[in-house]
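The tour goes stop by stop.

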Amino acid sequence: MTIGKWIAVGSLSALLISSGALHLVRPEVYLPMMPPYLPAHLPLVYLSGVFEILGGVGMLLPWTRRWAGIGVIALLVAVFPANIYIAMNDIPVAGHDVPLWGHLLRLPLQGVMIWMAWWGTRGRSSALDND
């Protein structure tokens, strides 16, 4: 794995694992971000946190990296409508007020994270991963 891929995978994994842990220990931070059209807000916050942790850890392991990358991409696509809801309704992010430009910047960053997951998890996925 190239240094660039390690940076992409490592930084995205760290973000996912820390965010996922926060979903589990402080779910009240994420509840205001849940669009009203979704049912069962608290279970969905916990579930997304578990999937973020699994995806982050999975991308670090060579034998699960490729499938974890696909799962992370699916998760990021699934939560994108909630990010639009947050931006359109000026919802605090992780308990912090965000200016409009911050909300608008956050939306394309989702695409950057999807690209990082895709690019960083493509290539050889064996225990001897050294491409």
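Over which residues does pLDDT stay under 50? Select residues 125–131: pLDDT stays under 50 there. For this stretch the model has 18 contacts beyond four places in sequence.

This is a predicted model, so colour the whole protein chain by pLDDT next. Its mean is 92, and 94% of its residues reach 70 or more. Among the elements, α2 has the highest mean pLDDT, 98. The lowest mean belongs to α4, at 94.

Now select α1, residues 3–25. This helix has 23 residues. From first C-alpha to last, α1 reaches 32 Å, close to the 33 Å expected at 1.5 Å a residue.

Stay on α1 and show its buried side. Pick Lys-5, Ala-8, Val-9, Leu-12, Ser-13, Leu-16, Ser-19, Gly-20 and His-23, the buried residues of this helix.

Keep His-23 selected. It is buried, and it is also among the residues nearest the centre of the largest pocket.

Next, display the pocket itself. Colour the lining by class: 22 residues are nonpolar, five polar and two charged.

Last, see which helices build the lining. α1, α2 (41–60), α3 (65–88) and α4 (100–120) each supply at least two residues. α3 gives the most, with eight residues.

Notes: Residues are numbered from 1 along each chain as its sequence is written. This is a predicted model: local features need pLDDT of at least 70, side-chain atom pairs count only at pLDDT 80 or more; totals for chains, interfaces and linings use all residues. Side-chain values use heavy atoms; hydrogens and water are left out. On a 1 Å grid over the protein atoms alone, a cavity is a set of points where a 1.4 Å probe fits but cannot get out, and a pocket is an open set with protein on both sides within 12 Å along at least five of seven lines; lining residues have an atom within 4 Å of a point. Helices (H or I, at least four residues) and strands (E, at least two) are DSSP runs, numbered from the N terminus. Ala, Val, Leu, Ile, Met, Phe, Trp, Tyr, Cys and Pro count as nonpolar, Asp, Glu, Lys and Arg as charged, and the others, Gly among them, as polar. pLDDT is the predictor's confidence in each residue, from 0 to 100. Contact means heavy atoms within 4.5 Å. The expected span of a helix is 1.5 Å times one less than its number of residues. Buried means under 20% relative accessible area, exposed over 50%, partly exposed in between (1.4 Å probe, protein chains only).
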